[in-house]
Amino acid sequence: MELRTIGIIVVYIEVAMIRTSRTIRIGKHTIGDGHPVFIICEGGVTNYGQYALAKKQIDAAVAAKADAIKFQLWNTASLVSKVSAQKYQKKLGYNWYTRLKSRELSFTNLKKLFAYAQKKHITCFASPHDEESVDKLVALGVDCIKVGSGEAHNHRFLSHVASKKIPVIISFGMHTPKEIQSSVRLLVSRGTPSVIPLHCTTEYPTKPQHAALRQIYELQHMVTGPVGYSDHTVGYHVPLAAIAMGIKVMEKHITFDKSDPRSLDNPGALLSDEFITFVSAARDVEASMVFRDLSTKKSLNKSRLWAGQSIVAARKITRGENITESHILFKRPLIGGLGPEQLNHIIGRRAKQHIAPDEQITLRNTY
């Protein structure tokens, strides 16, 4: 669905929804309606290519009860132009070739991390940033491939990913609706069995006013299957809002030092203890997004006994006296009495006995 603004009038141009799988299996997890939000702990670049730190990220993800831990795999020479990195170093703020080269996670270490994650019983996969890395991940037997925003509009790269015929999660952080539709359609048409698009904002950290969560609804109208959100905002209140909007995949970065300048991921990432709180809060939010069931109704009925109001005497009522509006007040608790909705059954009846002030007026003490 494309969004066009003309003056103050918002016009939706409907396009045919792209048919994507309504439920998707990744490892031991099923993603889709009726299933828990798939929470990904993103290792990103905050391990700086160090095996020990990446292993610690796995432990943190397990402790937080995240569903998956994700890493990134690239060959800097295939990903970044040395010439351009040098030429635009001042304008970009860094020499991106040098910066990324120092943070490469070796494939040897990635294999060891996958084996460790398997021992820890947590799903593990990665974002490949070049075709060689795609091939290496597939050789490891990954359950899915995550495509980052940087590669999400590269159709040659996406065609290579699609040729592997495994599920794809893909972030769109700097793309137009037409670009998103084009990339998703390409993956589907080239044989990708399942595609989950994630809303994202490629800004580190993302300002809340740039998170643009309403674009989640746009994605939900674009595909028939589940969508998700990849977050770079500070804290975890914005991701919780995304969960309330119906996303089925949630990706959030983890770090052990938010002030470390070696990664742009750090300011918007969560510390280990924060990730524990975040996952717990996320489960609470998704649990709350249901209609009232029988157990809820029973709980509310129990609460009504003390919080509800009953009909009581505003003053002393003598035996035989007609009950009128002037005789009546409504006070807690409801238990043992009649609620305000029963007032018409009381007005016009007579008192069988003296009724003291504040005493409940019921069908038992009236006739």
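Ile 276 lies in helix α12, residues 272-288. Helices are DSSP runs of H or I with at least four residues, strands are E runs of at least two, and both are numbered from the N terminus. This is a predicted model, where local features need pLDDT of at least 70, side-chain atom pairs count only at pLDDT 80 or more, and totals for chains, interfaces and linings use all residues. Residues are numbered from 1 along each chain as its sequence is written, and side-chain values use heavy atoms, without hydrogens and water.

Stay with Ile 276. Its relative accessibility is 41%, so Ile 276 counts as partly exposed. Buried means under 20% relative accessible area, exposed means over 50%, and partly exposed is in between (1.4 Å probe, protein chains only). Ile 276 and Lys 65 are 211 residues apart in sequence, yet 7.2 Å apart in space, C-alpha to C-alpha.

Now turn to the largest pocket. About 770 Å³ of space lies in the largest pocket. Of its 31 lining residues, Gln 72, His 129, Gly 150, Thr 202 and Tyr 204 are the closest to the centre. A pocket here is an open set of points on a 1 Å grid over the protein atoms alone, where a 1.4 Å probe fits, with protein on both sides within 12 Å along at least five of seven lines; lining residues have an atom within 4 Å of a point. The volume is the space filled by probe spheres set on the points, which are joined across faces, edges and corners. β6 (68-73), α5 (96-101) and β12 (249-253) each supply at least two residues of the lining. α5 gives the most, with 3 residues.

Tyr 204 lies in the loop between β10 (195-200) and α10 (215-220). Tyr 204 is partly exposed because its relative accessibility is 34%. A cis peptide bond joins Tyr 204 to Pro 205, with omega about -10°. Pro 205 lies in the loop between β10 and α10. Ala 212 also lies in the loop between β10 and α10. Ala 212 has a positive phi of about 50°, although it is not a glycine. Its relative accessible area is 31%, so Ala 212 is partly exposed.

Two other loops remain. Another cis peptide bond joins Arg 332 and Pro 333, with omega about -5°. Pro 333 sits in the loop between β14 (328-331) and α14 (343-346). Tyr 48 lies in the loop between β5 (38-42) and α1 (51-64). Phi of Tyr 48 is positive, near 55°. Tyr 48 counts as buried because its relative accessibility is 7%.
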